[in-house]
Number of protein chains: 2
Amino acid sequence: MRKNTFIIKQRAFLKLYMLHEAEKGRLYGLQILENLQNYFKDLGYKPTKSEVYKSLHELLKDGYVTREPIIKEGAEMQTLYIYRIGDREKVKAYKDTVKADLDRSIALLQRALKDNYSQKRG
Amino acid sequence: MRKNTFIIKQRAFLKLYMLHEAEKGRLYGLQILENLQNYFKDLGYKPTKSEVYKSLHELLKDGYVTREPIIKEGAEMQTLYIYRIGDREKVKAYKDTVKADLDRSIALLQRALKDNYSQKRG
DNA sequence: ATATGAACATTATGTTCATAC
DNA sequence: GTATGAACATAATGTTCATAT
């Protein structure tokens with residue numbers, strides 16, 4: 001059953017984009033963060049490091065993504081983690097539920113727009 | 001300056017509807033709550049008493065609405081508070097800023113829809 | 001300095017308790 | 001029981017600290 005909740009949470013929104021990035025492959029945490037920060041800059045939204053990591057960790061724990069440690073080339077020997085998409089059936093089912101929440105959220109906000117900002121006639 | 005925030009908060013959303021109800025006049029807290037709960041039922045959203053009261057109190061404190069105690073007819077002698085719109089100029093300015101946040105939020109969610117659920121061709 | 005991650009702090013919101021009629 | 005409101009508890013998110021290279 002649904003809870004009587006307001007609109008979609010940031011966490012769910014980010015996880016959607018994490019899956020998107022994982023489908024493309026080849027990206028690690030801080031890269032994803034930076035990509036998203038740039039991508040949403042025009043809309044005044046700057047996701048934080050902690051939300052991005054938490055999103056990735058949840059997806060990993062639940063099997064939606066896998067990851068692989070990579071030793072960076074060069075003198076630094078830095079370990080980072082490349083994320084890849086996990087069980088595609090599971091991911092699809094998950095994305096379906098998120099889509100429903102997204103649609104619902106948009107409907108709610110558009111109703112507010114209509115109710116509170118439409119020109120009154122007469 | 002804007003903060004780098006995600007989407008509009010429930011509180012702001014509710015305050016918009018509170019102003020809407022106050023413009024119509026003649027309504028008190030629990031009536032507004034019940035109206036909104038019914039109105040949003042189809043979208044799976046059920047605002048709580050506490051959020052509605054907090055919204056009204058904030059609007060009152062900031063001068064966007066006024067209120068007047070009313071003694072209910074009948075044997076109960078119940079005191080309730082009818083809310084009315086306050087300074088119309090101030091209210092208009094406030095609503096303009098909320099509209100910007102609403103527009104931005106809708107844009108963000110629609111972008112997520114487009115990026116994550118559009119059919120890939122080929 | 002870059003990368004990952006946890007700990008800690010603060011907001012935002014929901015649930016329960018108190019008071020009055 | 002209805003209405004208002006505060007107190008309290010939890011969820012969601014943001015900021016700072018720790019570790020390693």
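How many salt bridges are there between chain A and chain B? Please describe the contact between these chains around that count.

Reply: The model is predicted, so local features are given only at pLDDT of at least 70 and side-chain atom pairs only at pLDDT 80 or more, while totals for chains, interfaces and linings use all residues. Residues are numbered from 1 along each chain as its sequence is written, chains are lettered from A in the order in which they are written, and side-chain values use heavy atoms, without hydrogens or water.

Between chain A and chain B there are two salt bridges, a salt bridge being a side-chain nitrogen of Lys or Arg within 4 Å of a carboxyl oxygen of Asp or Glu. One salt bridge joins the side chains of A:Arg111 and B:Asp42, at 2.7 Å from N to O.

On the side of chain A that touches chain B, α1 (10-24) and α4 (88-117) each supply at least two residues. Helix α4 of chain A gives the most, with 18 residues. Helices here are DSSP runs of H or I with at least four residues, numbered from the N terminus.

In total, 38 residues from chain A and 38 residues from chain B take part in the contact, contact meaning heavy atoms within 4.5 Å. The two chains bury about 3,700 Å² between them, 64% of it on carbon and sulfur atoms; buried area is the accessible area (1.4 Å probe) lost when the two parts are put together, summed over both. A:Phe6, A:Leu43 and A:Tyr117 supply 18% of the area that chain A buries against chain B, more than any other three residues.

Helix α4 of chain A also contains A:Asn116. A:Asn116 counts as buried because its relative accessibility is 2%, the limit for buried being under 20% relative accessible area (1.4 Å probe, protein chains only). Its side chain reaches the backbone oxygen of A:Ala112 at 2.8 Å. Leaving aside residues up to four places away in sequence, A:Asn116 touches B:Leu16, B:Tyr17, B:His20 and B:Lys95. With the same exclusion, B:Phe13 touches residues including A:Phe6, A:Leu108, A:Leu109 and A:Ala112.

How values were computed
Buried < 20%, exposed > 50% of the residue type's maximum accessible area, 1.4 Å probe, protein only. Polar contact = N/O pair within 3.5 Å; in protein donor to acceptor, adjacent residues only side chain to side chain.
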